[in-house]
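Here's a short tour of one protein model. Keep the 3D view open and follow along.

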Amino acid sequence: MEEVRPALARAMEEVREIVGQLPDESLMREQLWRKEYFPQVERAIKPFNDQLAGTLVQKMSENGPQFEAEVFKQLEAINALPPGPALAKPIGSMPAYTQMALQSKIVKGTRLESLFGIGRPEMAQFIKSNMRVIDNKVKQGMLAGVETKQIANSIARVITSPDGRRILKLQKGTVAHEVNAWASAIARSGIQDMNRQVSEQVWDANPVGSDLAYEWVSALDSRTCPTCGPLDAKTRPNRSDFPTWPIHFNCRCSVVLIDPDKKEDVRTGIEVARPGPKGGRPPGFEKGKKGVYASKVRINGKDYYRRTQQIKATPGQRRVTYGDYLAQSDRRTQAAFYGGGNAGSVRADNFRKWVKAGKTPSEAMQKTIINMPGTTGKLKTVNPERTSFRPTDKLKWPKGGSGPSPSPGGGPKPPGPKPKPIAPAPKPVAPAPAPKPTPKPVSTPKPVPTPKPTPKPTPKPAPKPTPKPAPKPAPKPAPTPKPKAEPALKPLPKNKPVSFKDWDSSKPGMNTEYPTLADVYKRQGAQQGKPVLVKSVKDLKGMKGLIKDADGNNVVIYRGVTGPAQKQQLLGRGPDGAKHFAGKGMFGNGTYGASNSRWKLTTKQRIRMDWEDYKTSATAAQGTARLYSNKTWFKAGSTGGAAFKPLSDAQARSRVTAFGIRKDAKVKTFTHLTDPDEAYNDWQKWIRDEWEAAKKLGHFDNAGDALAARGWDGYEVPLPDGDVLDQNYWVILNRRAMVAVDGDPF
Ligand SMILES: [Zn+2]
């Protein structure tokens, strides 16, 4: 909504200013953010919240009469009204519409009043979810060691126009962009909910004959979601047979009253095409010719051009359905509906094969969508959160006829050629700032279009003889290779806590206020150990007795140091090989490493900083290790903005260490959890409890020191925003927990 843009700009600029006050020094930053600056954010957003609420209520009210006129028009068209317009009962006054708007449940379970906190003492949900987005963004920046100026830029870009006005740039990846998208989704859903309320009120006030029926109408384009597409054209005798619409945020569906005898065998649908080779219009575009690639649309983060297309109904059907539209669209359009990317192409292929094998479009869709609303079943309880596209490796393929199954039983990867991926997705590494998580409104509505799962190396059906390189699959640890040259792991003795009850900073050897990690190590003495070494990453992955991730693979952690000597020292070699040099860190002092995250992320979420050291790495964790091996990066102030030279591969190999963690070491993991936030919360709770318990041993000024004193060998730090950095951190307090690769870490 354009009207609220100035308020959004002001709010974002203010948040930007708050963030901009953070110091660049990294150890203090997190605390300052949490205690001092973050709480100010609410005040900055509130005016925008209030104005959005007010404007939306007004817009919804203003739309009332128009919706009402449309419903009456529909009723007239099917002769559902008694003759003479005087008898029709209108809703009437503006206050009545406003009342409706205020009562709106924008979508199921989310009331407009609580969303915006209208007349309520507690914080509005809208403010809360936006604060969350901001908090995440700032924390990510701090985690990555990004300088404050750059973090502030990731909040919003505001430019001054020649006439002095401040203009908000809704740049992708910024908080402003996300907040705006969220606000628009709310506004669209609110208007559509108004449509529903007005329709229902008119139907209630003007009883219609029992020969009429209610019908679900979805948009005929590829942005329609897997829940709504199949609902299209379904008719029921009572409107209460349908779920309340809009059924999710950004839902464009409606329910209309129809005459079941009236046929509607042609409808206009929208096909999409990717831009031409040079980014221009696809072939077929002619200037001035309407409906043929004249306008652009964004689906799943990609630009498409659109073209209108006449769709015909399947014979015997009352009207054109979304299934007809899908069946009569081209592969690109189908793939865009099916989530885009490689997975979208495979599903589209599957859909076409089933249609070719004789299934109706609806039956063919059923093969590709989990929990798709059925033809006859109850619709009232349809839940968008439960509907999703079937993962490509779970697709069933028709036998014989139009195409062979990929392999007996739809099993794993056949060696055959792969289907030509439609709109092959070259995965561009997105620029820093990292992208934002979808704002999580309290009712977790499902966005449209559905975020699709990361394309995986999929079992491929189609023996289409045009093998093109398939999009690179997301890097995944190889599934447990054969163990080789496995060194025997002697069981580790239990570590005993060391006490600092006697700590007295006035005494020699204790002249710091609190004991340091080095002091803990000194008292631990022989309890400190060296890593066990293996020859290769392959050996590491094949070893028994190591901590595994949720997929059953050994966790591989990468650590980068600034020179070859430091790497050898970490491996336990050289004059200081026995010493554990640990650093400082915001999650507690210790030796840091990064592992690839195990969160199920969408492709969009798997985005890294746009720095060369990440680009040259197969995984985010390797990229982080390379970055921390890069002296020029530190010299540049650990920021992305300033110029720094990427490492050569040879340099990276001599500085990065890959290692696993012994299961018998005392290392706290959160590998059983699949939700990043849940894991992070659990971690916070755990570390607080441990910190509390450590007080019996003395006073410490950070968690790493305290936990080392308690005998911990290390712990995992599940990053709160696994959806952005795509990695988790590990803090090693005792190298005896490590099994490290003495060689090429990649
Ligand atoms: Zn919908």
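Cys253 counts as buried, at 2% relative accessibility; buried means under 20% relative accessible area, exposed over 50%, and partly exposed in between (1.4 Å probe, protein chains only). This is a predicted model, where local features need pLDDT of at least 70, side-chain atom pairs count only at pLDDT 80 or more, and totals for chains, interfaces and linings use all residues. Residues are numbered from 1 along each chain as its sequence is written, and side-chain values use heavy atoms, with hydrogens and water left out.

| Residue | Relative accessibility |
|---|---|
| Cys228 | 2% |
| Cys253 | 2% |
| Ser114 | 15% |

So what holds the zinc ion? Cys228 (SG), Cys251 (SG) and Cys253 (SG) coordinate the zinc ion at 2.1 to 2.3 Å. Donors are N, O and S atoms within 2.8 Å of the metal (3.2 Å for Na, K and Ca); water is not among the atoms, so sites may look incomplete. Along the chain, the zinc donors are spaced C-x22-C-x1-C. Cys228, in helix H9 (residues 228-231), and Cys253, in the loop between strand E6 (235-236) and strand E7 (254-258), sit 25 residues apart and link distant parts of the chain. Helices (H or I, at least four residues) and strands (E, at least two) are DSSP runs, numbered from the N terminus.

Now for Ser114, which you'll find in helix H5 (residues 112-116). Setting aside neighbours within four places in sequence, Ser114 is in contact with Arg120, Ala124 and Gln125, where contact means heavy atoms within 4.5 Å.
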